[in-house]
Amino acid sequence: MIGITAYGGYVPRLRLSRQAAAQANAWYAPQFGGRKGTRAFAHWDEDSITLAVAAARDCLGPVGQRDRSTVRALLLASDTLPFAERLNAAVVAGALDLDEGIEALDLGGTQRAALSAFTQAVARVQAGGGDTLVLAADNRRTRAASAQELEYGDAAAALLVGTQNVLAEYLGAGTVTADFVDHFRAAGEDLDYHWEERWVRDEGITKLVPRAVQAALAQAGVAAAEVDHFIFPTTFAKMDQQLAKACGIRAEAVVDNLGDSVGDSGVPHGLLLLAQLLERARPGQRIVLAQFGSGAQALVFRVTEAIDGFKPARGVGEWLARGVEERHYTRFLSFKGQLQLERGMRGEQDKKTALSTAWRHHRALQALVAGRCEVTGSVHFPPSRLTYDAQPLQDTQKPHPLADRPARILSWSAEYLSWHPAPPHHYGQIDFEGGGRILMDFTDLEVGEVDSGTAMEMVFRVKDVDDRRGFTRYFWKATPVRGASKT
Amino acid sequence: MAQGIKDKVAILGMGCSKFGERWDASPEDLMLEAYNEAMADAGIAPDQLGAAWFSTHMDDVGTGRGGTPMGIALRLPNIGITRVENFCAGGSEAIRAAVYAVAAGACDIALALGVEKLKDTGYGGLPMATVGTYIPQWYPNAVAPANFAQLASAYRAKHGIDAALLKRAIAHVSVKSHANGAKNPKAHLQKPITEEQCLKAPTIAAPLGLFDCCGVSDGAAAVIVTTPEIARGLGKQGLVTFKALQVAVSNGWELQSNEWDGSYVHTARVAAKRAYAEAGIERPREQISMTEVHDCFSITELVTMEDLGLSDEGRAVYDVLDGHFDAEGRVPCQIDGGLKCFGHPVGASGIRMLYEIYLQLQGRAGARQLADPKTGLIHNLGGQPSQNVCSVSIVGLEGV
């Protein structure tokens, strides 16, 4: 049996109020006045790489809980990867501290790329290639006062494909590949160009998606009427219902597409909805997941008895519950790189990254791996040849991952002096359970939310963006363990 | 322990430029201002200088590297000039080098001069530090106020002190220094402030407000040192001699291990202990007449009172509020106004601190003269609480 053996997702905490955005643009685009709900958006230090890492950690759980050495391949699907050349999937693999012997690949080009990544993963597993981690993430740019600005969202999802303890068995797939251009984005461009919505709906989705769904059901040997859950991400009202009807799937099988809270996250959205559904799916239920883009693709699954034996670290449901409504439209614009705010002279600082240095220390920087002295147990970040013990020992440190260890604030401040995309800039000393201390950036928090003693967790984020050379460097930051009480 | 430096070297002369936003003055002008005063005070000619040490920190906006900027600015007669740089403690390092050279007999008379031209950056505050190629890849793009502000959060947590009480205590630190600085014509800031102004000032780095931060100024200071015998031979009386010169440097223990609690400066305690031993001081609260400490931020000064043993642990808050370190207090601190009012031209500060104690011990401090001081302590701190260079120097009247 091949199928999903673990799943997870990630939705950024920030949720733009559509009403606030519409109000800010009412003078220009009054047609959006009636929009309701929120859309998720990435913090300034999140991009499709960091979103994917967050979803993967949700899926795999903390280091030590699941043996990550069984993961032999990583497929990263996204239409918004930060690097055209530099394997984005390798950055993710590094953050997850996966074995360097794995295969890693970036995929994209269409909204259904994550489904293609999934079928590739299945083929790989079938061929004996080992467990394959399928990740999908998007963080799309839109024009201010556009429909997409309100309808899109940012998110990521992760599925582990394998043969052991399968939670949802893969039954079949159907694909239609066609150069139906509902929208496009030229290489090097930031923004999509869209054709008329009515044509997309009537000639594209309505005609192409049922072909993929029917092909998938036929391969799976499942009758349309037997489908318990039908997932189809769309921003068109009732489009999913109409498709279900056209395919012979029961109306009540249609899964809510999170349009009110997250928005349409693009490539990951199908997997995100699937990951959310799996949190409540029952054994024996049949799931059809379809996505549209340069044709269409559909996957069919059957939930197994093992489904209750797995829980993601947080799960989409909890990520959704952690959302905070953002009513500052300009913050959204700024985080999306669409608003040029005054930075002051301190913002002129060169963020050039010495790539040779980065590689020399790559495991510490990418995976937050410290060095633990085998003799004294002292933990060092960054790792060093000599320990800081009163009698320093040489070459006694062994890798000691910190990313999933409980941590607390020893000291902190929040300053308005330096340029920072989300002032005040919070940072301080973090002490890790089991040893280790790092003076590090905090992120994704509110003023007044932390103090000495506050429990924090590690998140993989953008450290700096080198605007001059187009390079993004990543590191780990501390963020409050939401809901945790202070000691 | 080694013999130490006590009473082996005396101050022959000192000079200090006016500190402030010296828009009209280049670093060369500032150096000359301090040098002229020091040479006149010493009563010597340039060819009597055996060697010089030059303290300056910033490469981008300062004078540049090496010893040449000072050699050219002061037209020194081809003597050896060595640039020293040790963060904000650089001034004290230049003094240490000059004093050691004289004590070693390598030269009879040595000059230490520090300068910094900060007001050519185009903005307030210190420029962002450059820290190599590895640290920026993981360490926060940190600024000094937030580094030192962290002392406050850890100090409150350790001693269970209410945030409002600590905020009021650090406000008192600044109010006191401004009151002192108001009497000092060389200070950058010469206006008294109120506690209310402090408490209501905009936040720079929580919990530090604008008045909790020292000024940013241009300035230079110089000291000429020699042996007590040569000084006497040149007609000097009532000599001020060095009793202790100690520097302690972090090795990563505070920053990396979980043992340091973040509420104090470890190296300051190490340096103070060594300095008291070198100077033969057993009861600092009674034997130290005054201190000039590195009040880059009000919270730094507060915890330093404990680090120097002038307050018991956890008690500095109350001692500060009780006025123990005010001009009329038990051990006056920053009688010249401190970094708070002089600002912090990095390379010059350590020497500027010595200048005030030198004047006080000689009874030449004018409106702010203390009654009969005998010994002064200089605390000069560079870096940040968790990783730094800390210097503690003690000077006093000869024979005390």
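Visitor: How many helices and strands are in chain A?
Guide: Chain A has twelve helices and 22 strands. These are DSSP runs, numbered from the N terminus: helices are H or I with at least four residues, strands E with at least two. The model is predicted: local features need pLDDT of at least 70, side-chain atom pairs count only at pLDDT 80 or more, and totals for chains, interfaces and linings use all residues. Residues are numbered from 1 along each chain as its sequence is written, with chains lettered from A and ligands numbered from 1 in the order in which they are written.

Visitor: How many residues of chain A touch chain B?
Guide: Two residues are in contact if their C-beta atoms, placed from the backbone, lie within 7 Å. Here 39 residues of chain A contact 33 residues of chain B. S18(A) gives the largest share of chain A's side, six residues.

Visitor: What is the order of strands in the open sheet of three?
Guide: Strands pair if DSSP finds at least two bridges between them. In chain A the order is S16-S15-S17, with antiparallel pairing. Strand S16 (379-380) and strand S17 (397-401) of chain A are the edges, each pairing on one side only. Strand S15 (residues 369-373) of chain A joins S17(A) over five bridges. There, A:Arg372 has A:Lys398 as its bridge partner.

Visitor: What share of chain A counts as buried?
Guide: Buried means 20 or more other C-beta atoms within 10 Å of the residue's own, with C-beta atoms placed from the backbone. Of the 487 residues of chain A, 51% qualify.

Visitor: What does the C-alpha trace of chain A span?
Guide: Along its principal axes, about 75 × 55 × 40 Å.

Conventions: Buried ≥ 20, exposed ≤ 12 C-beta atoms within 10 Å, placed from the backbone.
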